[in-house]
Amino acid sequence: MAQQAYMTETDDNGGSGPERRGDRLRRLIGRLASGWRGDPRIWRRGLVVAALALLLSLVMLLHSRIPNRFGNLGSLTETFLPWLGLFIPVFVLLALVRRSASALIALVLPAVVWLNLFGGLLSDKTGGGGDLTVATHNVNADNPDPSGTARDVAASGADVVALEELTASAVPVYEKAMAATYKYHSVQGTVGLWSKYPLSAVKPVDIKLGWTRAMRATAATPQGKVAFYVAHLPSVRVKLQAGFTARQRDKSADALGEAIADEPLGRVILLGDLNGTMNDRSLNAVTSQMRSTQGAAGDGFGFSWPASFPMARIDQILVRGVEPVTSWTLPQTGSDHLPIAARVKLTGS
């Protein structure tokens with residue numbers, strides 16, 4: 001009898017803990033589901049949320065069809081397109097509060113569309129190896145510490161560095177700070193290229209601005225010649241009455257695209273601040289003929305602007321005839337942009 005009592009007590013103590021936790025979980029789920037079971041209105045409630053979910057899906061799916069005639073609304077949408085995904089968890093919360101099965105089912109569609117558009121950027125595609133490391137940075141004309149910014153970029157280990165938004169007074173500072181790392185350099189207007197390898201055929205590129213904000217040079221790397229383009233396309237503005245004003249930026253993008261299309265060398269690297277994302281149709285003259293190192297070999301979205309809270313990747317490293325190996329964002333400097341870098345493979349590309 002004593003043994004039987006001992007065994008019974010042991011069984012009760014050994015199983016009561018997990019059973020009680022399991023019971024509590026089942027009761028919690030039961031309470032959450034009790035408001036849904038047997039409620040015929042779960043299909044009629046939340047129709048507004050369901051409609052908004054479908055509208056969000058259409059905006060993401062058909063973003064290229066949104067017209068630019070009215071304040072460049074299409075380009076504005078495409079610039080911040082990844083951020084539309086933030087509406088999905090908000091709508092899910094609203095659907096749960098409303099206890100709407102219709103809304104929850106409708107939200108599957110925008111989730112699938114967003115993952116189809118940007119799911120590939122969430123994975124780490126970085127690799128090893130490569131022949132050449134490049135970097136680009138809009139240093140900001142009002143940078144309070146150009147010397148420190150130059151040292152930070154040089155410390156990245158890049159073989160070739162492009163700088164944009166250079167002022168006449170700051171150029172000597174950048175030249176002095178980077179002279180020990182880069183033997184060769186050229187500044188054309190407000191953009192410059194610093195290289196560990198000899199530069200030739202250096203010239204400004206006319207992007208229809210009336211002053212120089214783009215250049216081209218040939219770098220003689222150990223793996224052969226590579227054509228480098230540095231560009232700082234005009235800024236865009238979001239105005240209450242005019243919308244997303246980007247006409248001059250779009251005109252300059254077309255001119256840059258023509259110059260790159262006429263490039264005789266097979267290996268081309270574009271470094272610069274394009275004031276637009278890879279999704280922006282207005283940059284098609286450039287983006288249609290080149291690959292983004294971030295899209296091909298990066299980890300995440302690689303947002304570069306504004307530096308304090310990056311929301312868009314408007315600084316770009318694009319390649320043609322070159323294989324991206326890895327792409328990343330560098331730490332913040334005194335600029336309002338983050339510098340970005342990439343390593344590429346030249347041999348066998």
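Arginine 249 counts as buried, at 0% relative accessibility (buried is under 20% relative accessible area, exposed is over 50%, and partly exposed is in between, using a 1.4 Å probe and protein chains only).

A word on the model: it is predicted, with local features needing pLDDT of at least 70 and side-chain atom pairs counting only at pLDDT 80 or more, while totals for chains, interfaces and linings use all residues. Residues are numbered from 1 along each chain as its sequence is written, and side-chain values use heavy atoms, with hydrogens and water left out.

## Other charged pairs

The structure has 7 salt bridges. Another one joins arginine 216 to glutamate 263, where the closest N and O atoms are 2.9 Å apart. Here too distant parts of the chain are linked: arginine 216 belongs to strand β6 (residues 214-221) and glutamate 263 to the loop between α9 (247-261) and β10 (268-273), 47 residues apart. Arginine 216 is buried, with a relative accessible area of 7%, and glutamate 263 is buried at 8%.

Then there's aspartate 206 with lysine 208, whose closest N and O atoms are 3.7 Å apart. Aspartate 206 counts as exposed because its relative accessibility is 51%, whereas lysine 208, at 42%, counts as partly exposed.

## The six-stranded sheet

Helices (H or I, at least four residues) and strands (E, at least two) are DSSP runs, numbered from the N terminus. By that count the chain has 11 helices and 14 strands. An open sheet is built from 6 strands in the order β5-β6-β7-β10-β12-β11, with mixed pairing; two strands pair if DSSP finds at least two bridges between them. At the edges are β5 (199-204) and β11 (291-292), each pairing on one side only.

β11 pairs with strand β12 (residues 315-320) in the antiparallel sense over 2 bridges, and serine 292 stands opposite leucine 318 in β12.

## Helix α7 and the chain overall

In helix α7 (residues 146-154), the buried residues include Pro146, Gly148, Thr149, Ala150, Val153 and Ala154. The buried residues of α7 pack against β1 (132-138), β2 (160-164) and α8 (171-178); contact means heavy atoms within 4.5 Å.

Across the chain, buried residues make up 46% of the 349 residues. Of the contacts with a separation of 6 or more, 68% come from residues 24 or more positions apart.

Conventions. Salt bridge = Lys/Arg side-chain N within 4 Å of Asp/Glu carboxyl O.
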